[in-house]
Amino acid sequence: MTLPRTHRDDVLIAVAGLLGGLLLWSLGVHTNGPRAPLPSWVTLVPLVVMSGLELLRRTMPRTALLAGTAAVLVDPFTPGSIVTLLMFADLAYAAVVYGTPASARRIPVTTGLITIAVTIGFLAWLREPVALLIGVVTGLVSFGPAATGAIVRNHRDAADAARLRAEQTALLAEMDRTQAIAAERARMARELHDMVANHLSAIAIHSTAALSIDDEVTTKQALTVIRENSVEGLAEMRRLIGLLRDSSGDAEPAAAPSLEGLDALVEQARTNGAASGLTFMLDDDRDSGGRLAAPVELAAYRIVQESLTNAIKHAESGEVLVEVSGTADGALTVAVSSPLGSRPGPRAPGSGAGLVGMAERVALLEGTFAAGPAPGSTGGPEKIWCVRAVLPVVDDEEPSA
């Protein structure tokens, strides 16, 4: 068994106490006077013991206090040394500050009771006012240091708790910042995909058609569509970059797309999907009671945009129907259906990110989303691909989808 390493300050206190006690003993300065029952040299025994116990004031505080109590009880039978009493007071203080929480609670109470008991006992024995002075001295070397140690320890515990709360707050703030960054990156990814994918898909399809069909008219028409989509794609990219930049006065924020732009969106899809034999229809059955909340309109617009892009890339020749219905005080329903099958001609590859983005937008608004094959209607294709989203109407204060 190895003893804990002694703190440097404890060594200094022990050495200073021992040297001070030896100096007072050599000068004949005592607390009890020459009429003590034990000779003068016995004063050095509790002094040396107390000095040794000072080495354990931090590492073994309770053991040091118990042994110091035994040593200080011997001191009244010797000529006495004030240094012995001072070192005992320091042991009582250290036992509360560095001891266990249970010791920190019990020692002040115990020393207070001992002080009261000593005062009453000496009053009953001596029946003189000097007994009160003995009680005061007992309180000064036992209860006083213990109470001071309790105050210091409470302040230290409060400081540790405040520091822990500050660290936890900083950790929570960092977690919130990380989550905010991740959410913003996901939102930017959705916006970038929805803005650019439609134009790039049209460019890919028509460039493939221009390369595969050796016809001057077809090639010219395809190049015209490619140019229009490339210009519009660049404009969309510039608007997105403008939103990401810091406001410096030279860049105006771009307005968020709304359901008022569905006609233009469907018309653009007609131009891009004409080479694939696709026709596009819009059935807008909404009430005309005013605009919905911006997050709802943005999410609905992006869902229609991505669904049309997927139809241009994957749908078989036929009609693509966009249906929008709902009221300003209810829920907005967006449905896009397209023929499902394997069509000839050029097709653009898909990554599946569009469906993920649509589902994320609907989830942010706590709506419902479904996408998958479904049986077609009479007189139409046997199977269709249907995208359907129900978006609850939210306030403008809701986060943007």
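Residues are numbered from 1 along each chain as its sequence is written, and side-chain values use heavy atoms, with hydrogens and water left out. Because the model is predicted, local features need pLDDT of at least 70 and side-chain atom pairs count only at pLDDT 80 or more, whereas totals for chains, interfaces and linings use all residues.

Helices and strands here are DSSP runs numbered from the N terminus (helices are H or I with at least four residues, strands are E with at least two). Helix α1 covers residues 8–27 and helix α2 covers residues 44–53, and the two pack at an angle of about 165 degrees with their axes 9 Å apart; axes are lines fitted to C-alpha atoms, for helices over the stretch in contact, and angles run from 0 to 180 degrees between N-to-C directions. The pair α1 and α2 is therefore roughly antiparallel, a term used for angles over 145 degrees, while those under 35 count as roughly parallel, 65 to 115 as roughly perpendicular and the rest as oblique. On the α1 side, A14, G17, L18, G21, L22 and W25 meet L44, L47, V48 and S51 of α2, where contact means heavy atoms within 4.5 Å. The residues of this contact between α1 and α2 divide into 7 nonpolar, 3 polar and no charged; Ala, Val, Leu, Ile, Met, Phe, Trp, Tyr, Cys and Pro count as nonpolar, Asp, Glu, Lys and Arg as charged, and the others, Gly among them, as polar.

The unreviewed UniProt entry lists residues 12–32, 107–125 and 132–152 as "transmembrane region"; its positions are given in the numbering used here, feature names are shortened, and annotations may be inferred rather than shown by experiment. In the model, residues 12–32 are 76% helix and 0% strand, with the end C-alpha atoms 27 Å apart, and residues 107–125 are 100% helix and 0% strand, with the end C-alpha atoms 26 Å apart.

Strand β2 (residues 318–326) pairs with β3 in the antiparallel sense over 5 bridges, and V324 has V334 in β3 as its bridge partner. Strand β3 (residues 331–339) in turn pairs with strand β5 (residues 383–392) in the antiparallel sense over 9 bridges, with T333 bridged to V390 in β5. Strand β4 (residues 368–375) runs antiparallel to β5 and is joined to it by 8 bridges, P375 having K383 in β5 as its bridge partner.

Definitions and conventions
Pairing = 2+ DSSP bridges.
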